[in-house]
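Please look over the model below before reading on. My notes follow it, point by point.

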Amino acid sequence: MDIAEYLAVIDRLCAREFPAERGRSDLVVGGPGYFLAELEASHGLRPGCAERREGAADDFHALKEALSQVLDARKGRRQEPWGMLTLRVRRARGEAIPEPWSELSLRTDELNLWGPDESGRWLAVGVADRDPADGIRLLAVVTDMGPP
C-alpha cells in the first residue's frame, strides 16, 4: 500500500460505526468504541536478524512520519507523541487499561495522535515493533476515547 491507500483505510474507519463486540475482519480489529488497523506489515523478518529488523523498523518509523505529515495537513497539528510506557507500568500494576490502549501499549512505544475531531473520534498512528519474534506493523487507530 501507499499513503493514499492508508488514508482511504483511515477514512473508511472514521466513517464506520464501531462494532458492539470485539471482532476481526481482514487486517482490522474492532470493538466497542475503536478500530485498530494494520496498514502495512513486514515480511520475512526472522528472530536473530537484528540488523535487518532494525533497518525495517527505521523504514516503518519513516513511513509513520510521512503519513503523519499528510494527516497534519488534513486534521491539524498532531499532539506531542504519546508515550506508552506509563500505560505499560499501570497495566503491570494491575490497573485495567481500556482497549485499544492496552493492546497498543504492549505493541508500540509511542503514537502520533490527533483529536478529538468534530465527531468526537481520536486518530493515532504508530509502529508495532516491540516484539522481536513478531513482524513490524504500521498501525492506525480510530477511537471514541482518548488515551487514559
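This is a predicted model: local features need pLDDT of at least 70, side-chain atom pairs count only at pLDDT 80 or more; totals for chains, interfaces and linings use all residues.

1. Start with helix H1, residues 3-15. H1 has 13 residues and spans 18 Å from its first C-alpha to its last. That is close to the 18 Å expected at 1.5 Å a residue.

2. Next, find the end cap. Aspartate 2 caps the N-terminal end of H1. One of its side-chain oxygens lies 3.2 Å from the backbone nitrogen of alanine 4.

3. Which residues of H1 are buried? They are Tyr6, Leu7, Val9, Ile10 and Leu13. Viewed down the axis of H1, these buried residues fall within an arc of 160 degrees, so they line one face of the helix. The face turned away from the buried side carries the exposed residues Ala4, Arg12 and Ala15.

4. Now turn to the largest pocket, with a volume of about 170 Å³. Its lining is made of Met1, Val9, Arg12, Leu13, Arg16, Ser25, Asp26, Leu27, Val28, Ala37 and Glu38. By type, the lining divides into six nonpolar residues, one polar and four charged.

5. Which elements supply at least two residues each to this lining? They are helix H1 and strand S3, the latter covering residues 34-41. H1 gives the largest share, three residues.

6. Val9 and Leu13 are buried residues of H1, and both line the largest pocket. Arg12 is on the face turned away from the buried side, yet Arg12 also lines the largest pocket.

Terms used: Residues are numbered from 1 along each chain as its sequence is written. Side-chain values use heavy atoms; hydrogens and water are left out. On a 1 Å grid over the protein atoms alone, a cavity is a set of points where a 1.4 Å probe fits but cannot get out, and a pocket is an open set with protein on both sides within 12 Å along at least five of seven lines; lining residues have an atom within 4 Å of a point. Grid points are joined across faces, edges and corners, and a volume is the space filled by probe spheres set on the points. Helices (H or I, at least four residues) and strands (E, at least two) are DSSP runs, numbered from the N terminus. Ala, Val, Leu, Ile, Met, Phe, Trp, Tyr, Cys and Pro count as nonpolar, Asp, Glu, Lys and Arg as charged, and the others, Gly among them, as polar. The expected span of a helix is 1.5 Å times one less than its number of residues. Buried means under 20% relative accessible area, exposed over 50%, partly exposed in between (1.4 Å probe, protein chains only). The arc is that of the directions from the helix axis to the C-beta atoms. A polar contact is a pair of N or O atoms within 3.5 Å; within protein, one must be able to donate a hydrogen and the other to accept it, and residues adjacent in sequence count only if both atoms are side-chain atoms.
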